[in-house]
Amino acid sequence: MNQDKQLKGLLLPPKGFVSRAPALMAAPSVKLLDWKKIKEVAESGKMDGRKLYGSRFVIQQKHNNCAGASSSRIMAKTLYDARGIVAELSDTYVYSLINGGHDQGSMLADAMEAIETRGTCLRSRCGPDAIFRTQYDTHAADAEAKSFRAIECYAIRPRDFATTDELWRGIWSALCLGFKLECAVQAGSSFDRMNTDFIVGVDNGSGNHAVHADGIALSDGDRIVGTGENTWGTWWNQEGRMLMTENHWEQTVEAHEFFAVRGVQSNPSDTRPKL
């Protein structure tokens with residue numbers, strides 16, 4: 001991995017921080033599925049993000065805003081799910097709310113709280129280089145962002161599950177039920193290497209890069225995988241997309257809270273954004 005990519009994998013550790021987001025399994029709309037049902041959904045292809053979204057939402061982040069970039073992609077996809085609109089939502093607006101005035105990365109939990117409480121505006125309002133609040137019209141951007149806020153945002157923490165088996169069933173169940181998974185991965189030298197099925201390599205570490213899973217599928221025969229997307233541009237891997245397994249998350253979910261997001265508040269009077 002070159003130095004440019006290392007900079008773009010700057011996800012800050014929470015250091016004991018616990019978000020205010022409710023636990024996933026506390027949500028009345030969430031049901032813990034059994035392995036048979038999870039595999040049925042994965043095998044059906046109905047929740048395969050490669051088929052649902054392709055590469056139309058892939059962006060290339062220009063700064064250390066992997067958490068902001070990934071969370072804005074989740075917002076764009078939930079808006080697409082709800083209204084069929086392909087909107088260019090700003091990644092840097094989210095990052096500007098949580099970076100403390102420095103381009104030194106951010107935390108997953110902060111990005112999730114930002115999209116739920118503040119939302120995000122369009123990229124035409126806050127462009128790819130506007131990573132600080134002084135670089136764009138905050139009044140206009142803040143007003144527009146209220147139209148694009150996450151409705152359902154739940155935390156996934158190992159301690160909220162009775163067993164490890166329930167933790168993994170919870171993660172896969174969320175993807176089966178249409179949630180997007182904001183997660184941490186360790187982006188090292190192996191992350192750029194993928195097998196013939198486009199499953200990216202696994203690096204040891206607590207997680208230095210934010211990505212998201214937007215669906216569930218079967219790969220390598222009958223292996224359950226998360227269909228996901230990176231924020232390094234369409235040149236990377238399979239037009240910016242990838243497949244992830246439990247191996248990518250078993251270390252990082254212990255160090256970072258993961259988040260399941262579904263639904264977006266959108267203003268029906270907004271015009272269809274130009275891409």
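Two strands pair if DSSP finds at least two bridges between them, and helices (H or I, at least four residues) and strands (E, at least two) are DSSP runs numbered from the N terminus. This is a predicted model, in which local features need pLDDT of at least 70 and side-chain atom pairs count only at pLDDT 80 or more, while totals for chains, interfaces and linings use all residues. Residues are numbered from 1 along each chain as its sequence is written, and side-chain values use heavy atoms, with hydrogens and water left out.

Q: What makes strand 1 and strand 6 a pair?
A: Seven bridges join strand 1 to strand 6, and the two run antiparallel; because a pair needs at least two bridges, the term applies. Within this pairing, Ala 150 has Val 264 of strand 6 as its bridge partner.

Q: How do you know which strands pair with strand 2?
A: Strand 2 is joined to strand 6 by three bridges, in antiparallel fashion, and to strand 3 by five bridges, again antiparallel. On the strand 6 side, Glu 182 stands opposite Phe 259, whereas Cys 183 has Val 211 in strand 3 as its bridge partner.

Q: Why is strand 2 called largely enclosed?
A: A residue is buried under 20% relative accessible area, exposed over 50% and partly exposed in between, with a 1.4 Å probe and protein chains only. Six of the six residues of strand 2 are buried, so the rest of the structure largely encloses this strand. Both faces are covered, with Lys 180, Glu 182 and Ala 184 buried on one side and Leu 181, Cys 183 and Val 185 buried on the other. Strand 1 is described as mostly covered, with six of its eight residues buried.

Q: How do you know whether Leu 122 is buried or exposed?
A: Leu 122 has a relative accessible area of 14%, and is therefore buried. Its place is in the loop between helix 6 and helix 7 (138-145).

Q: What do the buried residues of helix 6 pack against?
A: In helix 6 (residues 108-117), the buried residues are Leu 108, Ala 109, Ala 111, Met 112, Ala 114 and Ile 115. They pack against helix 4 (66-83), helix 5 (91-98), strand 1 (149-156), strand 2 (180-185), strand 3 (209-219) and strand 6 (258-265). Just after helix 6, Gly 119 takes a positive phi of about 80 degrees.

Q: Why does the radius of gyration agree with a compact globule?
A: The radius is taken over C-alpha atoms, and the globule rule is 2.2 Å times the number of residues to the power 0.38. For 275 residues a compact globule would have a radius of gyration near 19 Å, and the protein has 17 Å, which agrees. Along its principal axes the C-alpha trace spans about 50 × 40 × 35 Å, and buried residues make up 57% of the 275 residues.

Key:
Contact means heavy atoms within 4.5 Å.
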